[in-house]
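This report describes ligand surroundings, ring contacts and selected backbone positions. The sequence and structure are shown first.

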Amino acid sequence: MNVLALQKQLVDYAAQIGVDKIGFTTAAPFVDLKQKLKRQQQLNYQSGFEESNIELRTEPTLLLEEAESIIAIAIAYPSRMEAAPSGKKGERRGIFCRASWGTDYHTVLREKLSLIEAFLEEKLPGVKMRSMVDTGELSDRAVAERAGIGWSGKNCSIITPEFGSYVYLGEMITNIPFEPDEQMEDQCGECRLCIDVCPTGAIVQAGQLNSHKCVAFQTQTKGFLPDEFREKIGNRIYGCDTCQTVCPKNKGKKNWLHEAFKPEPELVKPLLKPLLQISNKEFKSQFGYMSGSWRGKKPIQRNAIIALAHFKEVDAMPELVELLQKDERPMIRGTAAWAIGKIGAEEAENVLLQAQQKEQDEDVLKEIEKGLMLIES
Ligand code: B12
Ligand code: SF4
Ligand code: SF4
């Protein structure tokens with residue numbers, strides 16, 4: 001079959017199955033990215049969530065021997081929700097970032113890529129394909145950039161003229177020599193809003209992130225949240241959208257296109273207090289379908305405690321005291337101790353002094369100490 005004709009049919013088919021944007025690039029090595037990744041590794045700016053083998057990340061033929069091209073797909077996700085509940089005293093709420101609204105995007109994009117695989121298999125039996133979304137070796141952004149899906153913004157995101165940066169990315173390496181698309185021109189221009197508003201200064205320079213400083217990364221770690229981020233995280237309990245919400249290229253992009261990503265307001269802006277006592281089973285059944293649940297309930301609970309401290313939510317004292325006295329996890333006891341000190345309610349000092357007598361864990365004792373110092377200050 002004529003490759004150009006097949007490419008045209010594929011573009012039409014992708015639109016039919018709800019792929020918002022499709023682009024094509026060659027399977028040539030990602031030479032610039034290789035250098036960037038090496039530099040990021042040297043500087044210890046990598047998050048640790050990405051594939052660590054730089055060769056695999058930048059040489060598609062190592063992933064599919066006969067690789068000729070890469071098909072890049074983008075699916076838009078909503079930036080606003082209808083009927084967002086607002087928090088108030090006694091009923092404070094946290095927020096999951098937009099990339100966790102609705103059904104886990106890995107599921108949705110993998111489904112689309114499977115449909116494309118079946119389509120190509122039917123047209124060209126025996127075709128070689130390898131698909132990936134987020135957890136694969138390739139850099140989804142570098143592929144999308146080279147396939148003309150969007151430009152690489154100073155906030156690190158791939159920005160499309162149609163949907164802004166609120167797009168998920170995925171790709172498929174194939175042995176079909178599809179015609180590559182043109183890379184898009186940078187459209188950030190002189191703007192640098194994202195760099196200036198980032199709460200932790202994580203964007204070191206245009207397009208370069210120190211992941212360890214990024215709130216989105218910090219909300220996903222499982223240990224104690226380093227002190228320097230406790231004031232910055234606010235009520236974010238998973239991810240961070242600040243460098244996208246300020247972006248002028250996202251203005252007016254509601255992207256209400258896919259039912260699957262429609263957020264459940266009570267889940268993406270959940271009440272914080274009930275999160276402190278949620279069981280594993282309840283967490284899984286309520287939040288398990290969202291991408292933001294991938295690290296389990298522990299980081300979410302830790303962030304919820306910090307968010308309550310951020311609001312100085314005196315009403316949460318009984319729940320926090322219970323965590324400090326009874327929770328089996330030192331990180332949760334310690335974070336609760338810090339939060340109690342930060343809220344500084346009437347009983348805070350006594351509660352912390354009592355806990356100091358009983359506590360055996362050194363890390364928790366340090367947090368109790370910090371809590372006591374916060375009350376004094
Ligand atoms: C690890 C990871 C993270 C880490 C590190 C992010 C980062 N910027 O590197 C953390 C946990 C912080 C993170 C956060 C987020 N992530 Co993330 N993440 C990834 C993952 C798994 C790998 C990214 C990676 O390799 N980074 C290393 C850097 C060096 O490479 P890169 O960003 O891929 O490539 C670009 C840079 O090199 C850039 N670049 C341009 N100029 C310059 C200059 C210099 C000096 C350097 C070093 C680089 C550079 O050009 C490349 C192409 O754009 C990808 C999925 C995947 N497999 O690719 C998703 C992915 C990048 N994440 C995604 C999303 C949605 C997010 C969040 C928005 C989620 C949220 N709301 O909290 C934030 C955004 C934070 C941010 N400002 O980047 C989407 C991005 C979609 C898009 N439109 O761009 C991806 C593609 C997942 C997906 N399949 O949809 N993420
Ligand atoms: S996601 Fe948040 S912390 Fe990370 S770079 Fe963007 S604004 Fe900064
Ligand atoms: S805020 Fe400005 S500089 Fe940052 S990504 Fe958007 S357009 Fe580019």
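Which residues do ring pairs link into a cluster? The cluster consists of Tyr-77, Tyr-105, Tyr-166, Tyr-168 and Phe-261.

## Basis of the model

The model is predicted: local features need pLDDT of at least 70, side-chain atom pairs count only at pLDDT 80 or more, and totals for chains, interfaces and linings use all residues. Residues are numbered from 1 along each chain as its sequence is written, chains are lettered from A and ligands numbered from 1 in the order in which they are written, and side-chain values use heavy atoms, with hydrogens and water left out.

## Aromatic pairs

Eleven aromatic pairs are present in the structure. Rings of Phe, Tyr and Trp (its six-membered ring) pair if their centres lie within 6.5 Å; planes under 30 degrees apart count as stacked, over 60 as edge-to-face and the rest as tilted. Phe-24 and Phe-178 form a tilted pair, because their ring centres are 5.0 Å apart and their planes stand at 55°. This pair joins distant parts of the chain, 154 residues apart: Phe-24 belongs to strand β1 (residues 21-26), and Phe-178 to the loop between β7 (167-174) and α6 (193-197). Helices (H or I, at least four residues) and strands (E, at least two) are DSSP runs, numbered from the N terminus. Phe-24 is buried at 2% relative accessibility, and Phe-178 is buried at 3%; buried means under 20% relative accessible area, exposed over 50%, and partly exposed in between (1.4 Å probe, protein chains only).

Tyr-77 and Tyr-166 form an edge-to-face pair, because their ring centres are 5.7 Å apart and their planes stand at 70°. Tyr-77 lies in the loop between β2 (69-76) and β3 (95-96), and Tyr-166 in the loop between β6 (158-159) and β7, so the pair ties together parts that are 89 residues apart in sequence. Tyr-77 is buried, with a relative accessible area of 5%, and Tyr-166 is buried at 2%.

## Charges over rings

Two arginines are placed over tryptophan rings. The charged end of Arg-230 sits over the ring of Trp-338, 5.2 Å from its centre, and that of Arg-295 sits over the ring of Trp-294, 5.0 Å from its centre. The criterion is that NZ of Lys or CZ of Arg is within 6 Å of the ring centre and within 35 degrees of the ring normal.

## Ligand surroundings

Residues around ligand 3 (one heavy atom within 4 Å of it) include Cys-188, Cys-191, Cys-194 and Cys-247, together with Lys-154, Arg-192 and Lys-249. The shell around ligand 3 has seven nonpolar, one polar and three charged residues. In this classification Ala, Val, Leu, Ile, Met, Phe, Trp, Tyr, Cys and Pro count as nonpolar, Asp, Glu, Lys and Arg as charged, and the others, Gly among them, as polar.

Around ligand 2, the residues include Cys-198, Cys-214, Cys-240 and Cys-243, as well as Thr-200 and Thr-242. The shell around ligand 2 has eight nonpolar, two polar and no charged residues.

## Selected positions

Asn-44 has a positive phi of about 60° although it is not a glycine; Asn-44 is placed in the loop between α2 (31-42) and α3 (54-58). Asp-134, likewise not a glycine, has a positive phi of about 65°. Asp-134 occupies the loop between β4 (129-132) and α5 (140-146) and is partly exposed at 39% relative accessibility.

Gln-354 is in helix α16 (residues 348-358) and is partly exposed at 48% relative accessibility. The C-alpha atoms of Gln-354 and Gln-325 are separated by 9.4 Å, with the two residues 29 apart along the chain.
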